[in-house]
Amino acid sequence: MKVQRLDDSVINQIKYHLHFNTIDSIVETILQRCSSLKASTITIKIDLQAVAVFIQSNDVGYTPNELEELAVGGNFGGLEVVSNIKVISKFKEFKCPYTITVGRSPIAQLCDEPDSKNSYCKPEPIGKHGTIYMVSNIFSNLPVRQAQLKSTPMYKVINNVKLALLQVLYKRSQIQVSLQLYNPQKFQFEEMSTTNAASHTKLLQDLFEIDVQFKPVKATFKTYQIEGIIGLQRINTRNHQFVFVNNKLMTLTRTEIAGFSDVFENFGDLDPSPKKKMLRKYPTYLISITCDKDVTECSYSWRVILDILKRIFIKFVRLGQSKQSTNEVDDNNEFQLSPSPKRAKTDKFILNTNVRWGDVNRREIEGMVSCGKSSSSKPQVQPPTTKIAHDCCHHHQPECESNEYEHIQFDKLHLTKYRIIKQIDKKFILLIINSKLVILDQHAADERVKVEQLMREFVYNMPRNLRLVQPLRIKVSSSEHLLLQQYLAQFKSLGIIYYLGKEKKDNDLIITNVPELLIPSCNDGPFIKSLLMQHCFDLQNNIKNQIVNATIANDGDWLIVMHHTPQFIINMINSRACRSAIMFGDELTMQEMHQLIDDLSKCKLPFQCAHGRPSIVPLVNLRNNE
């Protein structure tokens with residue numbers, strides 16, 4: 001078989017299709033060009049039905065000669081291969097604009113001002129100077145990709161475009177940008193967001209509608225210069241954590257995000273009520289780092305940066321909590337996180353600007369992370385542990401004269417053959433299972449029984465709900481509106497029925513029906529909104545799967561469905577099970593203890609309570625003591 005090399009035109013087409021494979025990559029390319037021509041006002045209009053993008057800016061414009069060079073010089077990076085690009089531009093020294101079609105017409109032609117009445121993209125008058133980019137027929141020569149783009153959820157497309165705006169605007173201030181989306185039902189473009197990029201704080205608040213206060217921070221370590229902003233309150237999503245290194249947006253892994261989130265645990269919490277436990281909160285920040293190294297996510301320098309960031313966050317939390325406790329937080333003053341001259345020995349390597357120049361060595365990295373941790377280690381004492389694995393209980397028990405640990409495994413079937421000895425201190429039940437002396441936590445065991453009963457009942461009764469006497473009306477932002485619209489059917493299958501205002505001035509969430517579990521919380525609109533948005537973000541980040549119109553084929557399916565129900569429903573069921581379960585101090589008869597263990601043996605996960613604590617702990621292997 002003979003192998004032939006593809007034509008250069010085919011190779012270039014494949015290459016350009018790999019680069020320009022989304023709307024946001026197209027928008028970012030043109031925005032970079034507008035920014036380089038000193039634009040101060042940019043309007044972006046996106047039509048997902050026609051797969052077209054229109055961008056107008058008041059930049060200095062192109063002369064006819066520059067337009068002709070633009071059309072033939074490959075200045076759009078191959079965008080002309082995957083779409084049709086028409087450029088209309090007016091230079092300040094010319095009275096009329098000129099137009100050219102990139103990749104097709106090599107000569108710029110004189111044209112009239114765009115007609116804002118007859119054109120459906122309705123461009124503004126160019127004025128003394130400016131440029132209009134019309135990108136149409138995107139991916140027309142690749143129907144599969146065009147169909148894939150049309151099927152992409154609208155909120156995801158808009159969010160990616162906003163991310164492209166952030167990457168262009170975060171290093172350029174005072175650019176007024178308006179993002180508009182075409183509404184085919186109303187035959188007009190509707191504004192999604194607008195920002196003037198006056199500051200990093202304003203940029204995040206305008207683009208992503210983040211309603212928190214930010215604090216500027218600044219620090220240095222050797223050749224690393226760090227500055228940015230960190231939110232003083234946490235938010236419901238982890239999608240707004242941005243780290244730029246040498247003007248490149250880095251990708252944080254889930255492990256890295258979780259590590260940073262642990263640092264901010266309980267930071268900025270203003271709500272002391274138990275409700276906050278039902279909501280997951282994440283920090284939000286935008287950090288810019290400059291250094292003299294080429295940094296990638298796999299490089300050693302990136303690990304150095306992650307260590308520096310963690311130390312910055314730890315110090316920020318410590319300073320922020322101390323100032324919040326004394327009500328001295330001033331939004332205008334930045335936190336100087338570099339060490340003071342009289343720093344403690346544990347801060348020897350923390351963001352030290354006075355250390356010698358050169359490559360960062362391992363000792364310095366360990367110093368930043370461990371804060372002068374002693375080299376001596378405490379003796380490790382390993383107590384007997386219980387490992388939970390679905391319907392089995394594994395245990396390692398120390399032998400009498402050895403450091404080895406015996407592997408003990410319990411199965412649900414073992415709970416059907418047992419002998420109760422007695423109740424201990426009205427808290428535990430001492431019994432023998434499979435020749436093992438074990439102790440059963442009466443509260444944890446009954447909590448497991450109750451939680452599975454409530455979960456099974458909830459799943460079998462979906463989407464049973466109750467109509468509210470008075471519909472709950474909650475104000476939502478445009479990005480929240482898109483997410484709630486995307487997952488409307490998902491919430492309906494759970495028994496949560498709501499409607500969304502169609503007019504921009506009436507951008508409200510109107511909840512009419514909720515499950516019985518949510519009735520006590522319906523007097524707190526912001527809390528209900530936070531619960532719904534948390535599940536939207538879980539679906540968006542693939543933490544949960546959609547379970548629209550789920551059918552229960554057999555008894556085991558309810559547990560699978562329950563795994564993907566909203567986290568707040570699981571938390572509410574756990575809380576209800578905990579409050580209704582047998583408590584410490586409750587005296588049980590022999591019949592009640594037998595009933596408890598019999599009910600526990602029928603559970604799917606009998607060896608852990610609703611919160612993950614073990615319900616049964618082995619004490620002695622009686623076979624080894626015969």
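The model is predicted, so local features are reported at pLDDT of at least 70 and side-chain atom pairs at pLDDT 80 or more, while totals for chains, interfaces and linings use all residues. Residues are numbered from 1 along each chain as its sequence is written, and side-chain values use heavy atoms, with hydrogens and water left out.

Helices (H or I, at least four residues) and strands (E, at least two) are DSSP runs, numbered from the N terminus. An open sheet is built from 8 strands in the order β5-β4-β3-β6-β2-β1-β7-β8, with mixed pairing; two strands pair if DSSP finds at least two bridges between them. At its edges are β5 (109-110) and β8 (188-195), each of which pairs on one side only. Strand β3 (residues 84-90) runs antiparallel to strand β6 (residues 130-136), and 7 bridges join the two. Within this pairing, Ser89 stands opposite Thr131 of β6. Strand β3 also pairs in the antiparallel sense with strand β4 (residues 98-101), over 4 bridges, and here Thr99 of β4 is the bridge partner of Ile88. Of the 7 residues in β3, 6 are buried, where buried means under 20% relative accessible area, exposed over 50%, and partly exposed in between (1.4 Å probe, protein chains only). Elsewhere in the sheet, strand β1 (residues 41-47) and strand β2 (residues 52-57) run antiparallel and are joined by 6 bridges; Asp47 stands opposite Ala52 in β2.

Two helices can be described next. The expected span of a helix is 1.5 Å times one less than its number of residues. For helix α14 (residues 525-540), 16 residues should span 22 Å at 1.5 Å a residue, which agrees with the 22 Å between its end C-alpha atoms. Helix α14 is largely enclosed by the rest of the structure, because 14 of its 16 residues are buried. Asn542, which follows α14, has a positive phi near 60°. Buried residues of α16 include Phe568, Ile570, Met572 and Ala577. Their cover includes α11 (442-460), α14 and α15 (557-563).

The interior comes next. A nonpolar core is a set of buried Ala, Val, Leu, Ile, Met, Phe, Trp, Tyr and Cys residues joined through side-chain atoms within 4.5 Å. The largest one has 107 residues, and those with the most contacts inside it are Ile23, Ile44, Leu166, Leu484 and Ile511. Apart from it lies another core of 31 residues, among them Tyr224, Val263, Tyr285 and Trp302. Contact means heavy atoms within 4.5 Å. Leaving aside neighbours within four places in sequence, Leu484 is in contact with residues including Val476, Phe491, Leu532 and Cys536.

Aromatic rings also deserve a look. The structure holds 16 aromatic pairs; rings of Phe, Tyr and Trp (its six-membered ring) pair if their centres lie within 6.5 Å, with planes under 30 degrees apart counted as stacked, over 60 as edge-to-face and the rest as tilted. One aromatic cluster is formed by Phe260, Phe264, Phe267, Tyr285, Phe313 and Phe316. A charge sits over a ring if NZ of Lys or CZ of Arg is within 6 Å of the ring centre and within 35 degrees of the ring normal. Arg33 lies over the face of Phe76, 5.5 Å from the ring centre, and the charged end of Lys45 sits over the ring of Phe189, 5.5 Å from its centre.

Several loop residues complete the picture. Thr63, in the loop between β2 and α3 (64-72), is buried at a relative accessible area of 16%. Beyond its neighbours within four places in sequence, Thr63 is in contact with Phe91 and Phe94. Leu413 lies between β17 (405-411) and β18 (418-424) and is exposed, with a relative accessible area of 63%. The C-alpha atoms of Leu413 and Ser601 are separated by 7.2 Å, although the two residues are 188 residues apart along the chain. Phe139, in the loop between β6 and α5 (143-151), has a positive phi near 60° and is buried at 0% relative accessibility. Finally, a cis peptide bond with omega of about 0° joins Met462 and Pro463, and Pro463 belongs to the loop between α11 and β21 (466-475).
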